[in-house]
Amino acid sequence: MGINRRRFFSLLLPAAALAACSRSEASEDNSGPVQDEQVGCLADTTLCIGCRQCEEGCNRRNELPRPDTLFRDRLVFREQRRPGPNNFTVVNEFPGPPSRDQPKKQATYVKTQCMHCLDPACVSACIVGALTRARDGAVIYNPDICIGCRYCMIACPFQIPSYEYSDALAPKVRKCEFCADPAGGTGADPACAAACPTEAIVFGKRSELLQLARSRIERHRVRYIDRIYGENEVGGTSWLYLYGRDLSDIGLLSLPSSAPPRTTEAIQHTIFKYGAIPFLVYGTLGGIMWHNHRKQQVAAVEDGGES
Ligand code: SF4
Ligand code: SF4
Ligand code: SF4
């Protein structure tokens, strides 16, 4: 038993350390400077009417199970919802008019999905490279590589990836992949943007969406807060938001402008550079094995003494 365990760890640990180390290097290929082709969506919360047609479009495009209630059923707004394995995007209602120049509106509606971060923490955290960032910025997932460690779920600052716990045989991580085509890019309008009847979601190049957002803020100074959510949060995101109320009132998280992977990778690289992790892990396991061996020796002596 002791020999098997020792052999198991001696085989597993270098492989795990190597995988984590090589993944740490690989993740640098998927992040960094924004590409010219970088696309995104501008979500204008002052235009959203909560019709949920974006949810329905997403459901169809991704061939997700139909929900128990109709998409036009507004009773769902009684509670705050999160994206999950069967719904990659949700719209939530926040009582109160969207902005100062819309006093007759009763609520603000905010759509949530993967933000397709420019420097994604989920990509950085995945030790086998199951999550990658395409050239146009879509953060996509390969279930054939995924080992189900769910580090991506822990790492995501927006708490987006979900897991198919109900699938006992081949559970996958699920999230919005920006309606990516099989070639690894978004290519066309995402289904949610195409479905929106009020143009509250506009798809396009991120640089042009930033210009559009700034021009709307300039033209409607009373309506919008002079800030674009996602321009700088966690290093910038492909989804950008315009809004007219405090972030905390409409469920948008207040996050720093530094990208989480820059901090975690700096620590990882330092540790691996000096070989500290293998040393620490082997040291700890060596201690555990010595302790177990010692217990066996003591037990053997005691057994001998009793017989
Ligand atoms: S929002 Fe989360 S899941 Fe989406 S790209 Fe960013 S870190 Fe990854
Ligand atoms: S981009 Fe595609 S997958 Fe993502 S929320 Fe919109 S419709 Fe759904
Ligand atoms: S389709 Fe457009 S208006 Fe309707 S809920 Fe979605 S974002 Fe809002």
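**Note on the predicted model**

1. Confidence. The chain has a mean pLDDT of 82, and 73% of its residues reach 70 or more.

2. Overall make-up. The chain contains 8 helices and 9 strands. Of its 307 residues, 43% are buried. Among the contacts with a separation of 6 or more, 61% are between residues 24 or more positions apart.

3. The sheet around strand E1. In what order do the 3 strands of the open sheet stand? The order is E8-E1-E9, and the pairing is mixed. Strand E8 (201-205) and strand E9 (239-242) are at the edges; each has a single partner strand, so one side of each is left without a neighbour in the sheet. From one strand to the next, the twist averages 25°. Helix H6 (residues 206-219) packs on this sheet and touches E1, E8 and E9, and its direction makes about 130° with that of E8.

4. Pairing within the sheet. Strand E1 (residues 39-44) and E9 run parallel and are joined by 4 bridges. On this side, Cys41 has Trp239 in E9 as its bridge partner, and Asp44 stands opposite Leu242 in E9. E1 and E8, by contrast, run antiparallel, with 5 bridges between them. Here Ala43 stands opposite Ile201 in E8.

5. Burial of strand E1. Is strand E1 mostly covered or mostly open? E1 is mostly covered, since 6 of its 6 residues are buried. In a regular strand the side chains alternate between the two faces of the sheet. In E1, Val39, Cys41 and Ala43 lie on one side, while Gly40, Leu42 and Asp44 lie on the other. Both faces are covered, with these residues all buried.

6. Glu55. This residue belongs to helix H2 (residues 53-61). Why is Glu55 classed as buried? Glu55 is buried because its relative accessible area is 4%, and the class requires a value under 20%. Leaving aside neighbours within four places in sequence, Glu55 is in contact with Phe71, Arg81, Thr89, Val90 and Val91.

7. Pro98. The loop between strand E2 (90-95) and strand E3 (107-112) holds Pro98. Pro98 counts as buried, because its relative accessibility is 1%. Pro98 and Thr108 are 10 residues apart in sequence, yet their C-alpha atoms are 4.7 Å apart in space. Not counting residues up to four places away in sequence, Pro98 touches Thr45, Thr46, Lys105, Ala107, Thr108, Gly244 and Arg245.

8. Two residues with positive phi. Arg150 has a phi near 65°, a positive value in a residue other than glycine. Its place is in the loop between strand E5 (139-141) and helix H4 (151-155). With a relative accessible area of 30%, Arg150 is partly exposed. Gln159 likewise is a residue other than glycine with a positive phi, near 55°. Gln159 is found in the loop between H4 and strand E6 (162-163). Its relative accessible area is 55%, so Gln159 is exposed.

9. Which residues come nearest to ligand 1? Of the 13 residues around ligand 1, these are Cys114, Met115, Cys117, Cys122 and Cys156. The shell of ligand 1 divides into 11 nonpolar residues, 1 polar and 1 charged.

10. Surroundings of ligand 2. The residues around ligand 2 are Cys58, Asn62, Thr89, Lys111, Gln113, Cys176, Phe178, Cys179, Pro190, Ala191 and Cys192. This shell divides into 7 nonpolar residues, 3 polar and 1 charged. One of the residues around ligand 2, Thr89, is also among the contacts of Glu55.

Terms used: Residues are numbered from 1 along each chain as its sequence is written. Chains are lettered from A and ligands numbered from 1 in the order in which they are written. This is a predicted model: local features need pLDDT of at least 70, side-chain atom pairs count only at pLDDT 80 or more; totals for chains, interfaces and linings use all residues. Side-chain values use heavy atoms; hydrogens and water are left out. Buried means under 20% relative accessible area, exposed over 50%, partly exposed in between (1.4 Å probe, protein chains only). Contact means heavy atoms within 4.5 Å. Two strands pair if DSSP finds at least two bridges between them. Axes are lines fitted to C-alpha atoms, for helices over the stretch in contact, and angles run from 0 to 180 degrees between N-to-C directions. pLDDT is the predictor's confidence in each residue, from 0 to 100. A residue is near a molecule or strand if one of its heavy atoms lies within 4 Å of it. Ala, Val, Leu, Ile, Met, Phe, Trp, Tyr, Cys and Pro count as nonpolar, Asp, Glu, Lys and Arg as charged, and the others, Gly among them, as polar.
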